[in-house]
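Please look over the structure below.

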Amino acid sequence: MKRSDTVAEAAITLLAERGMRGLTHRAVDEAAGLPPGSTSNLARTRAALLELTLARLTALEEHALAPAITGGPPSREELPDVLAEAVHVQIGDRRRTLARYELALEATRRPELRAIYDRAGRRFRDPAVALLAAVGSRDPVRHARQVVAFGEGMLFDAIAGAGTAPSRAELRQAMRELLSGMLDPSPAPHP
């Protein structure tokens, strides 16, 4: 593993375990088993460390979600399963998800991180738009935003909220119901 990945992995773990306040250059050196000053040599500032960490986190999430966002588009019948699996994968990696939440909150206070965070987010939202367009959404941009928000809500409830982790079957059913409302023809208005 490259040193930058080692540093970023340790930072992700620290964010998940200790929150933003626990993320220091010294703490990353210790958590990564590196000599003092190693993290500072790689990422001089806190902003640089956050950027490095977010880049690694994005790469890990892209890898984990690759089945849902790469390859040929799923059929309309397969889409709920694909989306449910993507949420299930995220729920299954609590460390990565908690770190992402910490970075998302920090991005609300740091415009330079917000720009990087938003670019990273488009790498997931754009494929969602393409998936929904491929299955016949009448408004794939709006529907993708709703699907992502729904998935994020399920994820937050399972990881940081008061809920419990839903099963794959529960996630599939929830996605089927959501997509049915978006993709099925609207009923004729009643006179």
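What follows is a short report on a predicted model.

**Overall fold**

The protein chain holds nine helices and zero strands. From the N terminus, its elements read α-α-α-α-α-α-α-α-α. The C-alpha trace spans about 70 × 30 × 30 Å along its principal axes. Of the 191 residues in the chain, 41% are buried. Among contacts with a separation of 6 or more, 68% join residues 24 or more positions apart. The accessible surface comes to about 10400 Å². Carbon and sulfur atoms own 55% of that surface.

**Confidence**

The mean pLDDT of the protein chain is 91. A value of 70 or more is reached by 95% of its residues. Where pLDDT is low, the predicted coordinates should not be read in detail.

| Helix | Residues | Mean pLDDT among the elements |
|---|---|---|
| α4 | 46–69 | 90 (lowest) |
| α2 | 25–32 | 98 (highest) |

**Helix α7**

Helix α7 covers residues 111–134, which is 24 residues. From first C-alpha to last, α7 reaches 34 Å. That is close to the 34 Å expected at 1.5 Å a residue. Where does α7 bend? The bend is at Arg123, by about 30 degrees. A proline, Pro127, follows within four residues.

Pro127 is also one of the buried residues of α7. Leu113, Ile116, Tyr117 and Ala120 are buried as well. After α7 comes Gly136, whose phi is positive, near 95 degrees.

**The aromatic pair**

How many aromatic pairs does the count give? The count comes to one. The ring centres of Tyr101 and Phe156 are 5.3 Å apart, with the planes at 55 degrees, so the pair is tilted. The cut-offs explain the label: planes under 30 degrees apart would be stacked, and over 60 edge-to-face.

Tyr101 sits in helix α6 (residues 94–107), while Phe156 sits in helix α8 (residues 140–159). The pair therefore ties together parts that are 55 residues apart in sequence.

Are the two partners buried or exposed? Tyr101 counts as buried because its relative accessibility is 14%. Phe156 has a relative accessible area of 43%, so this residue is partly exposed.

How values were computed. Residues are numbered from 1 along each chain as its sequence is written. This is a predicted model: local features need pLDDT of at least 70, side-chain atom pairs count only at pLDDT 80 or more; totals for chains, interfaces and linings use all residues. Side-chain values use heavy atoms; hydrogens and water are left out. Rings of Phe, Tyr and Trp (its six-membered ring) pair if their centres lie within 6.5 Å; planes under 30 degrees apart count as stacked, over 60 as edge-to-face and the rest as tilted. Helices (H or I, at least four residues) and strands (E, at least two) are DSSP runs, numbered from the N terminus. Buried means under 20% relative accessible area, exposed over 50%, partly exposed in between (1.4 Å probe, protein chains only). The expected span of a helix is 1.5 Å times one less than its number of residues. The bend at a residue is the angle between axes fitted to the seven residues ending there and the seven starting there. Contact means heavy atoms within 4.5 Å. Accessible areas come from the Shrake-Rupley method with a 1.4 Å probe; for residues, only the protein chains shown count as cover. pLDDT is the predictor's confidence in each residue, from 0 to 100.
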